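Take a look at the model below. We will go through it piece by piece, beginning with a sheet.

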2 protein chains.
Amino acid sequence: MSAFDDLLAFQRQTEALSSVAERLGWDQETVMPRGATEQRSEEMAAMESVLHERRTDPRIGEWLDQAEPEDTEDQRVLDLIARDFRRASRIPARLAMELARQTSLSQGLWAEARANDAPQDFLPVLNDILMLKREEASALADGGDLYDALLDDYEPGATQAEIAALFDAMRPRLVALREDVLGADHQPQALSGDFPQETQLWLARTCATAYGYDWTRGRMDIAVHPFSSGRWQDSRITTRVVETDPFNCIYSTIHEVGHSSYELGIDPDYAFTPLGRGVSMGAHESQSRIYENQIGRGRAFTGWLYQRMSDAFDGLSVPDAEAFYGTVNRVTPGFIRTEADEVQYNLHIMLRFDLERDLIAGRLDVEDLVEAWDARFLKDFGVAVDRPANGVLQDVHWAVGLFGYFPTYALGNVYAGCLNQALRSAVPGLDRFLAAGDAAPAVEWLRENMQRHGGLYPPRELIERAIGGEISEAPLLDYLEDKFTGIYRL
Amino acid sequence: MSAFDDLLAFQRQTEALSSVAERLGWDQETVMPRGATEQRSEEMAAMESVLHERRTDPRIGEWLDQAEPEDTEDQRVLDLIARDFRRASRIPARLAMELARQTSLSQGLWAEARANDAPQDFLPVLNDILMLKREEASALADGGDLYDALLDDYEPGATQAEIAALFDAMRPRLVALREDVLGADHQPQALSGDFPQETQLWLARTCATAYGYDWTRGRMDIAVHPFSSGRWQDSRITTRVVETDPFNCIYSTIHEVGHSSYELGIDPDYAFTPLGRGVSMGAHESQSRIYENQIGRGRAFTGWLYQRMSDAFDGLSVPDAEAFYGTVNRVTPGFIRTEADEVQYNLHIMLRFDLERDLIAGRLDVEDLVEAWDARFLKDFGVAVDRPANGVLQDVHWAVGLFGYFPTYALGNVYAGCLNQALRSAVPGLDRFLAAGDAAPAVEWLRENMQRHGGLYPPRELIERAIGGEISEAPLLDYLEDKFTGIYRL
């Protein structure tokens, strides 16, 4: 066996163990008995300990020194392993343990503080986490920018400077569109009624099937916060049911189908290698977003969905497919990111991006965070935050140490805008299929041009190969302006 | 940290990882997408590899040499760790891998051969496994008896000589009872009808609740072959549904509740230590059997069950609770061990025990196994086996290398007989509770006298402490003769 083969065999087992740990997380969020939390945290800690030991195993360094790649694919595999090894090795074991301990503890404290609307109970904990993350960023940055070092974990190669420039270009058009839409004379009607859980789940399964979700390699369960989990032959989705709002269930499902389909669409030869997973959070979000929004909330697909929902619920409060298209895409003022529509979503991200950059750089203290959040929200959205649970306490990310993660959501939207433009031009008759509830031509184009490559190309290169051009915010903004100008008769 | 503490900390993590591997097995049998089998087998192999490395870690030997137990409980912990370490270390890595490979392969081949009724397709594979198991037994026996070395894995301390003597004492009375019952003039009527799945599952859950199954630390799912899985805070049961036979679902459930309750009943302080699991397969089976048979198929509990089932299914084909008690306990000729009643079950075990001892000792060749099985079955049961799927191919055990496992089922029955005698004398009013669908007094007695001790005492000592006397086959046989003489009006 060559050093390359030894390294790959070792990596293969690490990938398998990491997949086991992820499956354990799925179990915890879906089927685990509620009395098993302590035991599960000890099991997860044991898996993490095994994985950490493997990821920092000094033999990896030796194999990397000796391995001789035969082609660019081998070279990419080595680059990805080297990157993870370098990152894992730079973080002192003491810091890794402390971060794991603190963030596992703080998740419960955050949930409690949010439920009690009591930021003062949580901010000291958040400050501890921020200090640890800054220490981690210093270790990773090796003299470079702290925030970029964290961002690199989620969107390899991206920088805050480039994202800030992108966001600056997006903001004026998004703000203008938002104001036009909220002030428009014509406002689409809301959906009212009571929508039984079983029917919602049936519709969600029907939609997943319309997107070609492979039920022999997946399944759907209910979770408090929908997520997808796993890869290769086993990528599962979760959804949730709100009896007054069937769109929550349907579009959460389609969103997670996008994530899962990316993993399931990767070349099977890449399984158990570093190429065998989505290449970045932004790339991942581009799939969930284009499935959910550009495809799923378009006029063609919602026309099909209107008919399915009318049948399933024995009539709807909305008179026809055209009105329903407006209903699905209603823009309303709101505090919560996860409930935001396509127009406002990215503005929520920009707020978080700026605040977390300030926190990491030391320009903003945690004790001033509530004030800073509320001031910025008022400025961006024109409304005062009514209570902390609707403000700084709404997201779990910072509580579990995910600094540098938020911008990947907006990057995903930008990528989805680019991909949608390329897809529409490559498959001109797509809407005829979508109007019949068949997303296969879109899914096939995405699989062929993007999903199957897994980690083979860095994120930016992956998207640019798929769209045959440069990434830009323009297609997303053009699409949004066109869509919402139509819906709101501007 | 002392050597004892180091050893316990190491063991704790091994126990956690082993619990993860078991949870993965549960996932595979209940919720895993069917297209994920290859991936899962690679994940399981990775877990096994990690576990094998830990179980044979040379540091365990050093810690064992240096550890100073403070009391008999510490000493027992050390003994159990030393036992596992010795066993794991005696098996060459090559043999362990080959056994894992062969038995994972052979399970599918066995299932296929059984489906096709084609023993000739499977016997060569079985012979390979037998040779590997004999090699393993030689390594473990260290000059001692081969079969005892295998048996020791499932029932520590037991010997084939002692079990053979026990079985010899049981056989004549069981055979006589079987003949009396099958030849009796009065025969209880069978249950007929169609029993919807949802109602069966509701009844199964109701029965599990009647036994105090802790739903906050467990759950129930459907599996092809019912099993229980997990310990401490998370022990799950599975059941199956046959639409024409609700007893299958109900008594499978109660049986698995017995196994799960044993694990959940262990002193929580023993979690993640070698004391934190049922001490032997026989001890385990004693719990599943006494839950299922002595308690669940008794007149008092079936009286309650009759009412529940009559209500749930809107009437039954059996006229009253007394007739129903006979129906639940019907004895009919049959080829299949897992479908056998209380009277015949142990005769199925004795057949397998004798044949597998001959196989391991080299007195019987695999190529003569079908003939030997069929001859013995005719002799013991008076009926010729009609086809191999109803004969030697019916059980998976040998196909996956479980030689020495079968006798623990009958040992469990003997233990259950002893425990039932002690329980009845300790809780004289038990039947009044059971008649009201409340098994709590029985469960509490079993938890207090047996379950909570986990691995603290060797199996024989555990049972003898619980019953305050010596283990004997007499209570089981007395109970069976009394029960079936009554039902069959002999």
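This is a predicted model. Start in chain B, where three strands make an open sheet in the order β1-β3-β2, with mixed pairing. Its edge strands are β1 (220-222) and β2 (228-229) of chain B, and each of these pairs on one side only. Follow β2(B) to strand β3 (residues 236-239) of chain B: two bridges join them in the antiparallel sense. Within the sheet, S229(B) stands opposite R236(B) in β3(B).

A helix covers these strands. Helix α10 (residues 246-265) of chain B lies across β1, β2 and β3 of chain B. Its direction is at about 160 degrees to β3(B).

Now turn to chain A. Here, too, three strands form an open sheet in the order β1-β3-β2, and the pairing is mixed. Look at β1(A) and strand β3 (residues 236-239) of chain A: they run parallel and are joined by three bridges. D221(A) stands opposite T238(A) in β3(A).

Step back to the domains. The domain assignment divides chain A into domain 1 (3-144) and domain 2 (145-490). Taken over C-alpha atoms, the centres of domain 1 and domain 2 of chain A are 26 Å apart. Their contact draws 43 residues from domain 1 of chain A and 52 residues from domain 2 of chain A.

How do the two chains relate? The same surface serves both copies, since 100% of the contact residues of chain A recur in chain B.

One helix pair shows how the chains meet. Helix α1 (residues 3-30) of chain A packs with helix α2 (residues 37-55) of chain B at an angle of about 105 degrees, and their axes are 9 Å apart. Angles of 65 to 115 degrees count as roughly perpendicular, so α1(A) is roughly perpendicular to α2(B). By class, this contact of α1(A) with α2(B) has six nonpolar, four polar and five charged residues. On the α1(A) side, the residues are R12(A), Q13(A), A16(A), L17(A), S19(A), V20(A) and R23(A). They meet Q39(B), R40(B), E42(B), E43(B), A46(B), M47(B), S49(B) and V50(B) in α2(B).

Technical notes
Residues numbered from 1 in each chain as written. Chains lettered and ligands numbered in written order. Predicted model: local features only at pLDDT ≥ 70, side-chain atom pairs only at ≥ 80, totals over all residues. Heavy atoms only, no water. Axes fitted to C-alpha atoms, helices over the stretch in contact; angles between N-to-C directions. Helix = DSSP H or I, 4+ residues; strand = E, 2+ residues; numbered from the N terminus. Parallel < 35°, antiparallel > 145°, perpendicular 65-115°, else oblique. Contact = heavy atoms within 4.5 Å. Nonpolar A, V, L, I, M, F, W, Y, C, P; charged D, E, K, R; others polar. Pairing = 2+ DSSP bridges. Domains from an automatic or database assignment.
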